[in-house]
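Open the model in a viewer and follow the stops below in order. Each one says what to select and what is there.

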Amino acid sequence: MFTLKKYLSSILFLLLLSCQSEINEQDYDMQGTVTNVSPLTTYLQRVAMVKTVQDNIIDNSNYCTIKLPYTVTVNDVKIAVNTIDDYQKVSDNINANSYDADIVKIDFPVTMVYYNYIEKLIPTQADFNTLIDYWNLYPDLLSKINGLNINYPITINIYNSSSQIASSVSIISDQAFFNFIKNMNSSEYISLKYPISVVDYNNQSKLITNNLDFENAIKYAIDYCPENNIVSLDFTETITKGSWEIPYFFADSEKTSSYNGYLFTFKTDKSVVAVKDGISETGQWECKTLNGVCELKINFNSKLLGELNKTWKLFEFNNSQIRLRNLSSSTSYLYFEKKY
């Protein structure tokens, strides 16, 4: 029996074939349909976020950046920051002498641009300090994925399952792509029109031909672009601290709701305890690195928890979130989130 998602995908495909609109039928390839909660969609939105890492030497934040142009004073030298190349002038001044204070003073007012393209005028140093203190409360937000640039325009095909209307949109910039994903609703199914050209952090161009290609390119950027690896963490040490819940689980269909209320504790003796409503089950876990890829293997005996029994490859993690996937006959996803 078809799952709901497979059923919707089949209906969607038939509807698009019969759709009497100005959209050309051949533009639709529903094999790559995703929703607003699909992993690829959330990764792509982070690719399209505002780049903020370039001026960390000035604002010390991964979640906002100072809008050009502006000026700073470093070691009593005033520097005009008019282009991205001027960040090097700030760095060179800081590194020029090992004995000075290296204090960077921003000339206010400035406009801050947040990772989500919202802009805010910051009139004083006190206002700036308050803003940075705010972002420091959220050190483990999953920030922009650097090192992967999309060559626009790209075309997105859309089907709304509520209105049964098919449409198409051309996206011309990162900001437009970010806002498109932000405004998607749960009844919308989208497919990207391939091929799509991207440029990696080595300035190498690549043609992306399907969703898995795109996801793998994002994984490569996360692993190898230095701008995405600012803090070094140990996975085993991270997963054995505290308890974790499952915010997302997909295996042929989304099954997240089946694990609501479960808390998982991964212990250093390689046991993992799952607790719900005072009832616990103990399983086993192990982590190893194979060909440079960290793999997490989970083993439970019960039918429900046994669905987690796969060898999961680590996609990304920080102190509060772990994202895993399994590439077998189809792609499965398992996310853990720290329960504080």
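Begin with the loop between strand S10 (188-192) and strand S11 (196-200), where Pro195 lies. This is a predicted model. Select Tyr194 together with Pro195: the peptide bond from Tyr194 to Pro195 is cis, with omega near 5°.

Next, select the loop between strand S7 (148-150) and strand S8 (154-160), which holds Pro153. A cis peptide bond, with omega about 5°, joins Tyr152 to Pro153.

Then go to the loop between strand S13 (243-251) and strand S14 (253-254) and pick out Asp252. Asp252 is not a glycine, yet its phi is positive, at about 70°. For context, most residues other than glycine have a negative phi, and most peptide bonds are trans.

Now show helix H2 (residues 39-47) and helix H7 (residues 211-224), which pack at an angle of about 50° with their axes 10 Å apart. That angle makes H2 oblique to H7. The crossing of H2 past H7 is left-handed. To see the contact, display Pro39, Leu40, Tyr43, Leu44 and Val47 in H2, which meet Asn211, Phe214, Glu215 and Ile218 in H7. By class, this contact of H2 with H7 has seven nonpolar residues, one polar and one charged.

Finish at the largest pocket, which holds about 1,000 Å³ of space. Its lining has 38 residues; select Asn228, Asn229, Ile230, Val231 and Phe317 to find those nearest its centre. The elements giving two or more residues to this lining are H7, strand S18 (293-299) and strand S19 (311-317). Colour the lining of the largest pocket by class to see 17 nonpolar, 13 polar and eight charged residues.

Note on methods. Residues are numbered from 1 along each chain as its sequence is written. This is a predicted model: local features need pLDDT of at least 70, side-chain atom pairs count only at pLDDT 80 or more; totals for chains, interfaces and linings use all residues. Side-chain values use heavy atoms; hydrogens and water are left out. Axes are lines fitted to C-alpha atoms, for helices over the stretch in contact, and angles run from 0 to 180 degrees between N-to-C directions. Helices (H or I, at least four residues) and strands (E, at least two) are DSSP runs, numbered from the N terminus. Angles under 35 degrees count as roughly parallel, over 145 as roughly antiparallel, 65 to 115 as roughly perpendicular and the rest as oblique. A crossing is left-handed if the near helix is turned anticlockwise from the far one by less than a right angle, and right-handed if clockwise. Contact means heavy atoms within 4.5 Å. Ala, Val, Leu, Ile, Met, Phe, Trp, Tyr, Cys and Pro count as nonpolar, Asp, Glu, Lys and Arg as charged, and the others, Gly among them, as polar. On a 1 Å grid over the protein atoms alone, a cavity is a set of points where a 1.4 Å probe fits but cannot get out, and a pocket is an open set with protein on both sides within 12 Å along at least five of seven lines; lining residues have an atom within 4 Å of a point. Grid points are joined across faces, edges and corners, and a volume is the space filled by probe spheres set on the points.
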